[in-house]
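Subject: Structure handover

Hello,

Here is the structure I promised to pass on. Please open it beside this email and follow along.

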Amino acid sequence: MNIAEVKNLTKYYGKLKALDEITLNIPQGRIIGLLGKNGAGKSTFMRCLLGFLKHQGEITILGETIKSHKESIHEHIAFIPDVSSLDDRLTVRQTMDYVASLNQSWNAGKAQKLLAGSDLPLNQKVATLSKGMKTKLYLLITLSLDVKILLLDEPTLGLDIVFRKEFFNTILGEFYDESRTIIISTHQVEEVEQILQDIIFIDKGKMILYENVEELKKKYSIFTVPSDKIEELEKHKPKLITKTLGHVSAILDSEIKIENAEESKPSLSDLFMEKVGGSNE
Amino acid sequence: MNKLKAIMIKDWHINKKSLFVPFWITAGFYAFILLSVAFAYFKGDMNFNMIDLDTGPPVAEINYIVNMAILSLPGLMSLLFIIMLTQGALNEDIRKNCELFHRSQPVSIWFRTGSKYLMGIAGNWAVMLIIALFNFLVVNIILAIFHQFDFYSAVNGMVLSSISFMKTGLIIGSITFFFSAIFKDKAFFQGFAILLGIQFLFMIVNAMLNWHLPLPLTYLFKLVKLNPMEGLESNMAPTGIRSHIASAWGVILFNWKTLIQIVFSGALFAGATWIYKNKEIK
């Protein structure tokens with residue numbers, strides 16, 4: 001069952017085409033990564049999904065057509081754009097009370113449990129919290145909502161590695177089950193690689209790839225040969241050849257056999273480099 | 001309605017500091033008067049200009065005018081703070097980078113804008129009325145000590161003056177609220193500058209081409225105009241204060257202008273909400 005269907009989604013900012021005819025179906029119960037360089041169109045895609053941006057094409061979420069922003073869809077979708085988007089003028093307690101009062105899907109028991117396990121200062125203004133604490137608060141209020149879809153748009157931007165790890169571990173532990181869908185937009189794929197089931201590569205507003213992560217990894221291998229045997233790689237016309245100390249590597253179809261080449265499995269960032277390329281131009 | 005309540009509580013938390021400022025200004029004003037009196041007392045310099053009660057104006061007139069005048073400071077403060085609060089109503093969340101957080105909550109946009117509108121306008125009305133009530137008590141206790149208190153005139157003076165300021169606040173606040181949906185920063189001044197520009201443009205066109213284009217600021221000033229003491233001098237002497245008060249209710253509240261002001265404010269609120277709803281959230 002699809003929880004979202006997107007057909008020919010196109011978005012212009014003035015003359016700039018930020019999204020270019022994106023068509024995809026998002027099934028229920030998946031953890032999907034949206035990977036792209038800065039400015040590739042990841043945030044625009046998420047904001048279009050929620051109706052925050054005017055767009056061309058069709059978007060249907062949970063059976064509801066999204067032409068413009070509809071408050072009602074937030075009964076089923078939680079969205080974390082960036083932890084700095086919390087309201088600095090409220091205290092932690094006021095923020096929690098506010099979200100709890102507005103959301104019928106608020107699970108008070110879970111909120112209490114998460115709060116008990118955190119060291120959030122309830123009477124302190126959000127403005128005075130560290131970025132790590134803001135992350136905890138955002139996680140607490142989001143994970144206390146019994147929603148079907150969680151959209152995360154570069155949620156860990158500016159956080160140190162400890163908080164980044166904790167963030168994704170908490171989401172996986174406290175939110176995910178097979179009835180819920182998570183879409184994570186990031187350009188730091190290494191952090192989420194282990195939890196993603198599907199991956200979307202997006203570049204210059206176009207969807208380059210949308211595939212199951214395991215199957216994608218099976219399709220390709222990294223072949224490493226000594227530098228003087230570079231022609232062995234070149235004859236398979238790889239998009240990118242990486243040089244290391246005395247060796248060269250390339251990502252090629254895993255069906256290919258190269259004699260005396262070292263073969264290893266590529267990471268998502270390797271595959272992203274292969275599919276999209278490394279330059280911003 | 002629970003959601004509206006939740007939004008209003010949130011807006012109260014955000015705006016309460018600004019709403020309390022007129023109380024502190026009033027407290028400072030009273031403290032200044034008390035200090036001045038105490039200073040004069042200890043210096044032995046307590047020469048008051050006493051009203052000659054036998055030849056002065058009738059008690060009812062004094063009560064009416066004095067109780068209108070006690071609204072001057074809270075009334076003007078309420079207008080100022082209405083502008084301050086409403087000019088940030090629909091753009092402050094964007095400037096504070098929390099628009100996405102608030103817009104990601106499942107609550108009607110009309111509740112969101114309605115709460116901000118109420119907080120900016122009715123919130124300041126409430127503050128003005130509390131200060132006015134305090135001023136009313138202080139001034140009328142003093143008048144009563146001098147046997148110069150007339151309840152009917154005093155209450156009517158205060159209430160009519162309050163209504164006059166509330167109506168002006170409603171129009172100014174609604175206009176500024178509307179501008180806050182269009183401009184991201186300093187909405188009042190930007191909106192006013194544009195209206196001023198249109199006014200001058202129309203005046204030039206009218207003068208050059210002998211046209212009669214309507215001048216926006218002229219109409220707005222008519223709507224905004226404060227009139228608590230309108231007709232006071234001409235009416236009072238021949239007909240007496242009671243008759244003036246009866247007609248003042250018609251001049252200040254029960255007239256077509258009030259209806260136009262309410263409809264105009266409602267239209268501005270609806271227009272602002274429509275613009276805000278249709279803005280892209282980036």
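Below is what was found, starting with the contact between the chains.

First, the ground rules. This is a predicted model, where local features need pLDDT of at least 70, side-chain atom pairs count only at pLDDT 80 or more, and totals for chains, interfaces and linings use all residues. Residues are numbered from 1 along each chain as its sequence is written, chains are lettered from A and ligands numbered from 1 in the order in which they are written, and side-chain values use heavy atoms, with hydrogens and water left out.

**The interface**

The contact (heavy atoms within 4.5 Å) takes 27 residues from chain A and 29 residues from chain B. The size of an interface is often given as the accessible area lost when the parts come together. Here chain A and chain B bury about 2,600 Å² between them. Buried area is the accessible area (1.4 Å probe) that two parts lose on being put together, summed over both. Of this area, 58% is on carbon and sulfur atoms. Arg89(A), Tyr98(A) and Leu102(A) supply 28% of the area that chain A buries against chain B, more than any other three residues.

The rule finds four salt bridges across this interface. A salt bridge is a side-chain nitrogen of Lys or Arg within 4 Å of a carboxyl oxygen of Asp or Glu. Glu75(A) forms a salt bridge with Lys3(B), and their closest N and O atoms are 3.2 Å apart.

Which elements of chain A touch chain B? β1 (2-13), α2 (92-102) and α4 (131-143) of chain A each supply at least two residues of that side. Helices (H or I, at least four residues) and strands (E, at least two) are DSSP runs, numbered from the N terminus. The largest share, six residues, comes from α2(A).

Now look at Gln105(B). It lies in the loop between α5 (99-103) and α6 (109-145) of chain B. Gln105(B) is buried, with a relative accessible area of 6%. Buried means under 20% relative accessible area, exposed over 50%, partly exposed in between (1.4 Å probe, protein chains only). Leaving aside its neighbours within four places in sequence, Gln105(B) is in contact with residues of chain A including Tyr98(A), Val99(A) and Leu102(A).

**Inside chain A**

Helix α1 (residues 42-49) of chain A has seven of its eight residues buried, so it is largely enclosed by the rest of the structure. Among them are Phe45(A), Met46(A) and Cys48(A). Gly51(A) follows α1(A), and its phi is positive, near 80°.

Arg180(A) sits in the loop between α5 (161-174) and β8 (181-186) of chain A. Is Arg180(A) buried or exposed? At 11% relative accessibility, it counts as buried. Gly29(A) is 151 residues away along the chain, yet the two C-alpha atoms are separated by 4.5 Å. A polar atom of the Arg180(A) side chain lies 2.9 Å from the backbone oxygen of Phe175(A).

Asp198(A) lies in strand β9 (residues 198-203) of chain A. Asp198(A) is buried too, with a relative accessible area of 6%. Beyond its neighbours within four places in sequence, its contacts include Arg30(A), Ile31(A) and Tyr210(A).

**Cysteines**

How many disulfides are there over all chains? The count is zero, a disulfide being a pair of cysteine sulfur atoms within 2.5 Å. Cys48(A) is buried, at 0% relative accessible area. Cys98(B) counts as buried at 0% relative accessibility.

Best wishes

Methods:
Polar contact = N/O pair within 3.5 Å; in protein donor to acceptor, adjacent residues only side chain to side chain.
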